[in-house]
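Thank you all for coming; I would like to walk through one model this morning, going from a sheet to its helices and then to the cores. Please keep the structure open while I talk.

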Amino acid sequence: MTPPPEGGGGPPLRHLYSGKVRDLYQLPGGQLLLVATDRISAYDYVLPTPIPDKGKILTQLSLWWFGRLADLVPNHLVDAPIPAEFAGRAMACQQLSMVGVECVARGYLAGSGWQDYRRTGAVCGVALPPGLAEGARLPEPIFTPATKAPRGQHDENIPLASVAGLVGTGPAAELERITLEVYRRGAAIAASSGIIVADTKIELGYDAQGRLLLADEVLTPDSSRFWPAGQWRPGRPQPSFDKQFVRDWLDSPEAGWDRHHGGAQQPPELPEWVVERTRALYVEAYERITGDRWP
Ligand SMILES: Nc1ncnc2c1ncn2[C@@H]1O[C@H](COP(=O)(O)OP(=O)(O)OP(=O)(O)O)[C@@H](O)[C@H]1O
Ligand SMILES: [Mg+2]
């Protein structure tokens with residue numbers, strides 16, 4: 001077993017929680033240390049093979065975006081020393097009371113949005129014009145919240161009225177407003193680098209004063225669909241800088257994996273070339289969006 005991390009020569013940090021990708025610890029000052037590992041998840045499974053540097057890329061890209069969104073919405077970052085062993089892959093944050101809703105904005109039809117539209121002509125109860133193709137741009141970005149499903153279960157798209165039932169009418173409207181503003185800002189900035197943000201998911205939480213803060217990660221390839229704008233052709237799945245590449249490989253005969261097996265079969269190890277290609281896509285997303293070279 002690996003020993004618990006130390007808070008910089010001091011006592012070991014208290015481990016609070018591990019999600020699919022992140023490990024959460026309590027810092028000596030009571031703040032939260034959000035550590036992004038190199039774990040990758042797909043179809044709600046954590047894959048057995050890590051992607052080198054992925055956690056650092058997600059953390060650095062999130063920090064870049066938090067800065068560019070700070071005038072729209074305050075965030076969970078605090079100034080506290082990061083233990084050396086997590087350098088580059090961790091954020092010191094306020095521990096928030098998280099809103100139990102995944103706040104998704106979509107500007108294009110993909111994924112579960114496309115599935116719902118094909119079945120019902122609407123997404124989360126938002127009616128859309130008929131005849132839209134897969135990958136089509138929506139007339140306006142829409143808020144398509146989802147339940148935050150317990151581990152091993154799938155998130156489910158829900159209408160705004162259900163969000164209001166969960167968190168109250170005023171807070172639901174706030175979630176919608178903030179989510180759409182973050183999406184619009186993110187999409188506009190990414191567009192100037194030739195990237196379409198098809199959709200994005202943000203997470204928000206309340207601080208001790210009851211203020212809503214932007215938390216978790218923001219506008220990363222794990223939380224968003226990034227498409228190269230030059231290759232956008234509605235009517236088919238789009239090439240992307242997110243983990244669609246890994247999903248496609250998992251669905252291929254080479255993987256030999258049936259994800260519909262009801263959880264009985266764990267996902268396979270990724271071959272070296274899939275790891276390399278996936279890492280390259282994360283690096284490329286980082287470099288194109290920030291305009292900086294990945295270190
Ligand atoms: N400031 C914060 N305060 C409290 N919790 C936070 C904060 N920022 C992020 N989180 C939570 O930390 C966890 C991050 O872990 P990770 O991204 O690995 O989770 P996940 O697998 O996406 O989701 P799950 O929560 O279902 O495990 C999430 O549960 C997220 O809601
Ligand atoms: Mg997460």
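Predicted model: local features only at pLDDT ≥ 70, side-chain atom pairs only at ≥ 80, totals over all residues.

**The sheet and what packs on it**

Let me begin with one pair of residues: Leu-24 has Leu-34 as its bridge partner in strand E3, where helices (H or I, at least four residues) and strands (E, at least two) are DSSP runs, numbered from the N terminus. Residues are numbered from 1 along each chain as its sequence is written, chains are lettered from A and ligands numbered from 1 in the order in which they are written, and side-chain values use heavy atoms, with hydrogens and water left out.

The bridge I began with belongs to the antiparallel pairing of E2 and E3, which runs over five bridges; two strands pair if DSSP finds at least two bridges between them. In the hairpin of these two strands, with five residues between them, Gly-30 takes a positive phi near 95 degrees. On to E6, which pairs with E3 (residues 32–36) in the antiparallel sense over four bridges; there Val-35 has Ala-90 as its bridge partner, and Leu-33 has Ala-92.

Taken together, four strands form an open sheet in the order E1-E2-E3-E6, with antiparallel pairing. Its edge strands are E1 (14–18) and E6 (90–93), each of which pairs on one side only, and the twist averages 25 degrees from one strand to the next.

How many residues of E3 are buried? Five of its five are, so to be clear about the term, buried means under 20% relative accessible area, exposed over 50%, and partly exposed in between, with a 1.4 Å probe and protein chains only. Leu-32, Leu-34 and Ala-36 point one way from the strand, while Leu-33 and Val-35 point the other way.

**Helix H1**

Helix H1 (residues 54–69) packs on this sheet, touching strand E2 (22–26), E3 and E6, and its direction makes about 45 degrees with that of E6. Contact here means heavy atoms within 4.5 Å, and axes are lines fitted to C-alpha atoms, for helices over the stretch in contact, with angles running from 0 to 180 degrees between N-to-C directions.

The buried residues of H1, among them Ile-57, Leu-61, Trp-64 and Trp-65, pack against E2, E3, E6, helix H4 (169–191), strand E14 (212–215) and H6. As for its length, the 16 residues of H1 should span 22 Å at 1.5 Å a residue, and its end C-alpha atoms are 22 Å apart, which agrees; the expected span is 1.5 Å times one less than the number of residues.

Within H1 lies Thr-59, which is buried with a relative accessible area of 2%. Its side chain reaches the backbone oxygen of Gly-55 at 2.9 Å, and, leaving aside neighbours within four places in sequence, Thr-59 is in contact with Ala-36, Gly-88, Arg-89, Ala-90 and Met-91.

Turning to helix H6 (272–290), its buried residues include Val-274, Leu-281, Tyr-282 and Ile-289, and what covers them includes H1, strand E13 (195–206), strand E15 (224–228) and H5. Just after H6, Gly-291 takes a positive phi of about 80 degrees.

A nonpolar core is a set of buried Ala, Val, Leu, Ile, Met, Phe, Trp, Tyr and Cys residues joined through side-chain atoms within 4.5 Å. Of the 65 residues in the largest one, Leu-204, Val-218, Leu-250 and Leu-270 touch the most other members. Apart from it lies another core, of ten residues, among them Val-123, Cys-124, Leu-138 and Ile-142.

Finally, which residues does Arg-259 touch, not counting those up to four places away in sequence? They are Tyr-43, Tyr-45 and Asp-251, and with the side chain of Asp-251 the Arg-259 side chain makes a polar contact at 3.2 Å. A polar contact is a pair of N or O atoms within 3.5 Å; within protein, one must be able to donate a hydrogen and the other to accept it, and residues adjacent in sequence count only if both atoms are side-chain atoms. Arg-259 lies in the loop between helix H5 (244–251) and H6, and is partly exposed, with a relative accessible area of 28%.
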